[in-house]
Amino acid sequence: MGASAFEVLATTTVGLSPSYWSAIPSNPNTYNVTEGETLRFRYSNDHNIWQLASREAYEACNFQGAKELAGRDQGGGGGNFPPNTYNLVAESQGVMYIACQVSSHCSAGQKVMITVSPPPTSSLLERICDCAIQSGLCDQTCNAMFTSDSVSPECQSLYAEGVCNSSPVIGFNTLYRDACTACPTASPAPSGPPGSCYVFLQGCNQIVQNNKWVRDFWGEENRQSGVDRLTCEKTRRRSFQTWCRMDILGGAVTMHFNAPNLAPTSPAGSCYFYLTHCPLQAAITSNTWIRDHWGEANRQSGSDRIVCEKTRRTGFATWCGTPFAAVTMHFNVLNSIPPALTSPSRSCYI
């Protein structure tokens, strides 16, 4: 059974970054995909892609009767490496045996076995539900939903099947509303702890959890994404888009920022520190403002802004074994002392 015209089919990249298909031996060397899905091979000019005739040929690296799918000069890659990209569509159920025919690469383990399973059947309700989520068109009428310029080709295909020609149409609209209500949606972003940054990735080809809120620990420790909203919501978002190569492969990034508690504004002449992580000091509390009593008593951090914001910050980073960006300082200026009164004579002021 072929994949439906509506079904949104996944793309699986063969191999792991940075070598992908060029890695010897291949890791992983087995894949399980659904009929209609795409396997993306990214590789250098030192490799090619052949489909072997059988399991026996695969085990023996026997290329007799094999078919070349893509050569060394395939092209289509992004950047300097890898220069070649080949998309293999799993068109029919069964097992595909793929190997590199160059030199002894196959014998060295550059080969993969791909098992292709039939796609799951989807009810009309499920298909409408998927389309509603994909295009964000709940509360639209039937025709408006499927013919809008913003909908995907899959939604247009569903419309072409005549789903809006049901009689009466209002019966279909009721079904559609039921789908929008019943469809699972992404869980809300975590609301804590204060001073945290979360990312929700969709379609990222790196070794990372997709479709789930994940805390940006690295960004908090190295880029202050848990302290600065713009860093979390913009800078880190761009970093994830680049890391996942979404400009080429597609996908989406959503960020969520939980603001840190405000730094104490008193007493005058005080210094506070805020740590997102402190692995070398298990007893210290992270993600909260703590007064630097020791620094005030021994290093004048309560009276000297530079000592508080720079010297003590460096000291805490070393003490905790964290990057400099994992430490935030706050200085409350010491009240200035007004000039002493000069009268009356023979008087004493404190």
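The model is predicted. Ser 301 sits in a loop between two helices, and eight aromatic pairs are counted.

**Ser 301**
- The loop that holds Ser 301 runs between helix 9 (293-298) and helix 10 (305-320).
- Ser 301 has a relative accessible area of 0%, so the residue counts as buried, the limit being under 20%.
- The side chain of Ser 301 makes a polar contact of 3.0 Å with the side chain of Asp 292.
- A polar atom of the Ser 301 side chain also lies 2.9 Å from the backbone nitrogen of Glu 296.
- Leaving aside residues up to four places away in sequence, Ser 301 touches Cys 271, Asp 292, Gly 295, Glu 296, Val 307, Cys 308, Arg 312 and Phe 331.

**Aromatic pairs**
- The count of aromatic pairs comes to eight.
- Tyr 58 and Tyr 97 have ring centres 5.4 Å apart and planes at 45°, so this pair is tilted.
- Because Tyr 58 is in helix 1 (residues 55-60) and Tyr 97 in strand 7 (residues 94-99), the pair ties together parts that are 39 residues apart in sequence.
- Tyr 58 and Tyr 97 are both buried.
- Phe 200 and Trp 213 form a tilted pair, 5.2 Å centre to centre with 55° between the planes.
- Phe 200 belongs to strand 9 (residues 196-202) and Trp 213 to strand 10 (residues 213-215), so their pair ties together parts that are 13 residues apart in sequence.
- Phe 200 is buried, as is Trp 213.
- One aromatic cluster is formed by Phe 273, Phe 316 and Trp 319.

**Charges over rings**
- Lys 111 lies over the face of Tyr 58, 4.8 Å from the ring centre.
- Arg 312, one of the residues touched by Ser 301, lies over the face of Phe 316 at 4.7 Å from the ring centre.

Technical notes: Residues are numbered from 1 along each chain as its sequence is written. This is a predicted model: local features need pLDDT of at least 70, side-chain atom pairs count only at pLDDT 80 or more; totals for chains, interfaces and linings use all residues. Side-chain values use heavy atoms; hydrogens and water are left out. Helices (H or I, at least four residues) and strands (E, at least two) are DSSP runs, numbered from the N terminus. Buried means under 20% relative accessible area, exposed over 50%, partly exposed in between (1.4 Å probe, protein chains only). A polar contact is a pair of N or O atoms within 3.5 Å; within protein, one must be able to donate a hydrogen and the other to accept it, and residues adjacent in sequence count only if both atoms are side-chain atoms. Contact means heavy atoms within 4.5 Å. Rings of Phe, Tyr and Trp (its six-membered ring) pair if their centres lie within 6.5 Å; planes under 30 degrees apart count as stacked, over 60 as edge-to-face and the rest as tilted. A charge sits over a ring if NZ of Lys or CZ of Arg is within 6 Å of the ring centre and within 35 degrees of the ring normal.
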